[in-house]
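This briefing is meant for someone meeting the structure for the first time. Please look over the sequence and the model before reading on, and keep both at hand.

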Amino acid sequence: MTNSLELECPALKVARHKIERVGCAYFNARRQIGDSSGVERSDSDEKLAGAGEDVDISYLKSLDPKEWKDQDHYSVLGLGKLRYEASDDDIRRAYRRMVLQHHPDKRKAKGEEVITDDDYFTCITKAYEILGTSKTRRSYDSVDPEFDDAFPTQTDIESNYFNSFNKYFNLNARWSEKAEVPPFGEVDAKREEVERFYNFWYDFKSWREFSYLDEEDKEKGQDRDERRWIEKENKVARIKRKKEEMTRIRALVDLAYNNDKRIQRFKQEEKDRKAAAKRAKMDAAQAQKDEQVRAVREAALAKEKAEKAEQKRIEQIRIEREQQKKVLKKERKTLRDKVKDCKYYAKNDKDQLKHMEGTEKICETFSLSELQALNKAMETKGRESFVAALQTAEKKIAAELEELNMAQKKKEAISTPKTGVKEVKKGEVWSNENVQLLIKAVNLFPAGTAQRWDVIATFINQHCNGAAGVVTARDVLNKAKALQNSDHSKSTLKTHANEAAFQSFEKSKKEVQTTNDITLGDTPTESKENVKQNGGVHVNNQQQKQQQQQAEPKQNGVASTAPTPTTNGVASKTWTKEEQALLEQAMKTYPTTTPERWDCIAACIPNRSKKDCLRRVKELVELVNSKKEAQAAVK
């Protein structure tokens, strides 16, 4: 309860201030403004007085307390005009007024018959329970029966587009989680404002939820499982209604966007802008092309002009040369005629011959100016000038000869190789030893080895005596191709290799016949028989291997003509894959700590002695070390 007072002072004027009454002043003012029914009046009551706060008693009596969920709670409390705009204070005061007017005790006091179990006052109480709590009121506002979910018709859109959509967007703006909702705008709105409006509504976030429409109340469940099931069903129904609501909002926004003349204008402007940019780009490209054509044309004209000028200059030089030649020819003729007329200024026949030759030397060595000066001098001095010119011509010839000799000596000095450098012919590089090393290296480093030909060249340079010179990767590759494509029937290398292989075969045959007498696990009688059988079979195997070695023309691109390796003058038997596998397995089985290790290893390999096993391991170690050295040298 407030009042306004205005205090005036001669020196200072104070503005109006609202003062709230308390105590006795408050109760006196309340009695003065109270109505006959004793209901307190407030600013909200005055606002409701114009909105029809009086509720028709017949409407209240028509309400069914059992169907309270379907009633309009705002209308029951007399807030049908304010609805969601009503404040909490308005709801409290409206409920208080309804209680004072329609409470069963009040009506009984007036003599009205009241049925307690089926009285409409229960609907008033339920309306206040729903609207008096913010959570339940929000749930009811989400399904407000007075809210219009419809869209504007096509007639409304065509006749009054902006007013129609302004109305519907303002209605739906109440559901926005954000307080600031951009306006729909008018026909002259800027592009940024329109884009901000549609971006907001396309990303619209609504607080509207549909828990009020739940078919079952989970609190009515008899146990926990039933309550969980009810909650799950209610959640599914809410999500479905929420999706339908968002689809409705999106459809409204799409409808507005598709019929918005401003969007069509903006699209046309953008289209015109792109077309103008494209046209400007094409014009720029055309201008650039025209400029290039003009530059090419000008360059061609300039080139043509330069060529014409050059041709003119060359022609002028040619003409001048021709004129000089004519003048020179004339001067030479003049000189010859003068000397001839004077009988070559000779005292005898010998001088005459000498002077004739000298005349030609003067004509060949003297320039035009010199000839002209000589002809002029001969008119006065005669023999004296001619003899001096002859001496000058001989000096010029001598100087030219000296210069030619010096140039020839310089050329010979440059072409002559330096002393101490030995020139090696390509044929001398590939001696018999180097060819054997090439064949061995090709077999040792097969195709697929990294930098194969460099590795092979390094291997040959490491193992040759060095007298034949250094071998390069290019030399190795060319020699390998030559060996691959050559006719081995005419080569003496294959003959020597076959002879060496046959000698090795003979030695190995003798060794087999003398060393096969001892076999593991055989009786003396059986060993003698095995000597004959194994010896015969061994010879056949050796012959077959020798024939295969001779018949095999190529291996990895190079003819394999290497002889069978020998150790201490005795040819060793070739190790098969099975024997190699047995050797590797035996070395794994018997480590270095095993006593009599090599005897155990030899016992695991038939027809192989301890010495053979040691020799084979040594060969493999040398082979691996050679490979590593060759590859390390290349890297």
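Where is the place of Asp-119? In this predicted model, Asp-119 is found in the loop between helix 6 (104–109) and helix 7 (121–131). The points below begin with that residue and then turn to the nonpolar cores, the aromatic rings and the charged side chains.

**Asp-119 and its surroundings**

- Asp-119 counts as buried, because its relative accessibility is 6%, and buried here means under 20% relative accessible area.
- A polar atom of the Asp-119 side chain lies 3.1 Å from the backbone nitrogen of Phe-121.
- When neighbours within four places in sequence are left aside, the residues in contact with Asp-119 are Pro-65, Pro-104, Arg-107 and Val-114.

**Nonpolar cores**

- In soluble globular proteins, nonpolar side chains tend to be buried together.
- The largest nonpolar core of this model has 24 residues, and those with the most contacts inside it are Leu-60, Leu-77, Leu-79, Ile-124 and Leu-131.
- At least two residues of this core come from each of helix 4 (73–76), helix 5 (88–102) and helix 7, and helix 7 gives the most, with 6 residues.
- Leu-131, not counting residues up to four places away in sequence, touches His-73, Tyr-74, Leu-77, Ile-91, Arg-137 and Tyr-140.
- Apart from this core lies another, of 23 residues, with Phe-162, Phe-200, Trp-201 and Leu-252 among them.

**Helix 8 and what covers it**

- Helix 8 (residues 134–142) has as its buried residues Arg-137, Ser-139, Tyr-140, Asp-141 and Ser-142.
- Helix 4, helix 5 and helix 7 are included in what covers these buried residues of helix 8.

**Aromatic rings**

- The structure holds 24 aromatic pairs, and a pair of aromatic rings is described by the distance of the centres and the angle of the planes.
- For Tyr-161 and Phe-184, the ring centres are 5.7 Å apart and the planes stand at 50 degrees, so the pair is tilted.
- This pair links distant parts of the chain, 23 residues apart, with Tyr-161 in helix 10 (residues 161–172) and Phe-184 in the loop between helix 10 and helix 11 (191–202); both Tyr-161 and Phe-184 are buried.
- For Phe-169 and Phe-197, the ring centres are 5.0 Å apart and the planes stand at 85 degrees, so the pair is edge-to-face.
- Phe-169 in helix 10 and Phe-197 in helix 11 are 28 residues apart, and their pair also links distant parts of the chain.
- Phe-169 is buried, with a relative accessible area of 2%, and Phe-197 is buried as well, with a relative accessible area of 1%.
- One aromatic cluster includes Tyr-161, Phe-169, Phe-184 and Phe-197, and among its other members are Phe-162, Phe-200, Trp-201 and Tyr-257.

**Charges over rings**

- The charged end of Lys-126 sits over the ring of Trp-68, at 4.6 Å from the centre of that ring.
- The charged end of Arg-452 sits over the ring of Trp-453, at 4.9 Å from the centre of that ring.

**Salt bridges**

- Side chains of opposite charge can pair when their charged atoms come close, and the structure holds 34 salt bridges.
- Arg-262 and Asp-260 meet through their side chains in a salt bridge (2.9 Å, N to O), and both of these residues are buried.
- A salt bridge (3.6 Å, N to O) joins the side chains of Lys-308 and Glu-304, which both lie in helix 13 (residues 261–341), 4 residues apart, or about one turn of the helix.
- Lys-308 counts as exposed, because its relative accessibility is 53%, whereas Glu-304, at 39% relative accessibility, counts as partly exposed.
- The side chains of Glu-579 and Arg-608 meet in a salt bridge (3.0 Å, N to O).
- Glu-579 lies in helix 23 (residues 577–589) and Arg-608 in the loop between helix 24 (597–603) and helix 25 (610–634), so this pair ties together parts that are 29 residues apart in sequence; Glu-579 and Arg-608 are both buried.
- A network of salt bridges links Asp-72, Arg-83, Asp-144 and Arg-174.

Notes: Residues numbered from 1 in each chain as written. Predicted model: local features only at pLDDT ≥ 70, side-chain atom pairs only at ≥ 80, totals over all residues. Heavy atoms only, no water. Buried < 20%, exposed > 50% of the residue type's maximum accessible area, 1.4 Å probe, protein only. Polar contact = N/O pair within 3.5 Å; in protein donor to acceptor, adjacent residues only side chain to side chain. Contact = heavy atoms within 4.5 Å. Core = buried A, V, L, I, M, F, W, Y, C linked by side-chain atoms within 4.5 Å. Phe/Tyr/Trp six-rings, centres within 6.5 Å; stacked < 30°, edge-to-face > 60°. Lys NZ or Arg CZ within 6 Å of the ring centre and 35° of its normal. Salt bridge = Lys/Arg side-chain N within 4 Å of Asp/Glu carboxyl O.
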